[in-house]
Amino acid sequence: DTLRMFNINDDQFRIYSKFGYQIAKKLYVSASADFRTSIWNTWKANTNNRKTAFGTPTRFNFDLGLDYKPVADLSIIVAPASYKMIHALQTDSTILVTDYGLPAGTDILNDIGSSIRVKWKWVPLREIVLETELYMNYTYLQRTFEFDWQTSCNFVINRFLTTRLTLHPRFN
């Protein structure tokens with residue numbers, strides 16, 4: 001980028017919460033909510049066109065379904081009832097809302113569908129912790145498929161130094 005010395009690639013403020021009620025030994029009826037938004041302006045390279053701004057895009061997912069926990073650090077949530085909302089708080093001419101799945105000329109999208117979320121944590125050694133979360137959502141009205149998979153591995157080198165490697169592919 002020749003216009004800026006520093007450009008944020010991706011920033012995200014995220015709040016996730018899950019509530020469950022046990023109906024069998026390893027099975028829960030659960031409700032989960034996921035709120036994500038951008039905080040900083042990000043720019044397309046070598047232009048004055050913004051990709052994101054404060055509150056744009058804002059994503060909110062609410063899932064209602066079953067949470068299966070076969071082992072202590074594995075959770076599989078199948079939610080046949082899922083609500084997805086995408087909102088663009090700032091819609092100036094430089095931000096393309098179609099990049100976030102919104103129809104042109106609108107600033108909000110409401111859709112229902114189904115989702116699957118898998119969370120797993122593995123600790124092979126005291127110094128290594130692997131965590132992965134896979135989220136897939138299919139919307140019925142727009143017929144879109146969203147895939148978000150985040151895997152991170154923490155390596156403890158000593159009590160003062162750790163290393164974290166992260167892989168985060170997304171598809172919409």
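The questions and answers below go from the overall fold to the core and the salt bridges.

Modeller: This is a predicted model, in which local features need pLDDT of at least 70 and side-chain atom pairs count only at pLDDT 80 or more, while totals for chains, interfaces and linings use all residues. Residues are numbered from 1 along each chain as its sequence is written, and side-chain values use heavy atoms, with hydrogens and water left out.

Biologist: How many helices and strands are there in the protein?

Modeller: Helices (H or I, at least four residues) and strands (E, at least two) are taken as DSSP runs, numbered from the N terminus. From that end the elements run β-β-β-β-β-β-β-β-β-β-β. The count is 0 helices and 11 strands.

Biologist: What percentage of the residues in the protein is buried?

Modeller: Buried means under 20% relative accessible area, exposed over 50%, and partly exposed in between, with a 1.4 Å probe and protein chains only. The protein has 172 residues, and the buried share is 31%.

Biologist: Which residues make up the largest nonpolar core?

Modeller: In soluble globular proteins, nonpolar side chains tend to be buried together. A nonpolar core is here a set of buried Ala, Val, Leu, Ile, Met, Phe, Trp, Tyr and Cys residues joined through side-chain atoms within 4.5 Å. Leu-102 touches Ile-86, Ala-88, Val-97 and Leu-109, among others, not counting residues up to four places away in sequence (contact: heavy atoms within 4.5 Å). The largest core has 8 residues in all: Ala-53, Ile-86, Ala-88, Ile-95, Val-97, Tyr-100, Leu-102 and Leu-109.

Biologist: Which strands hold Glu-146 and Lys-84?

Modeller: The side chains of Glu-146 and Lys-84 meet in a salt bridge at 2.8 Å, N to O (a side-chain nitrogen of Lys or Arg within 4 Å of a carboxyl oxygen of Asp or Glu). The pair links distant parts of the chain, 62 residues apart. Glu-146 lies in strand S9 (residues 145–156) and Lys-84 in strand S6 (residues 74–87).

Biologist: Is Arg-117 buried or exposed?

Modeller: Arg-117 meets Glu-133 in a salt bridge of 2.4 Å, N to O. Glu-133 has 15% relative accessibility and counts as buried. Because its relative accessible area is 3%, Arg-117 is buried.

Biologist: Which residues do salt bridges that share partners join into one network?

Modeller: The whole structure has 10 salt bridges. One of them joins Asp-34 and Arg-36 at 3.7 Å, N to O. The network consists of Arg-14, Asp-34, Arg-36, Lys-84, Arg-117, Glu-133, Glu-146 and Asp-148.
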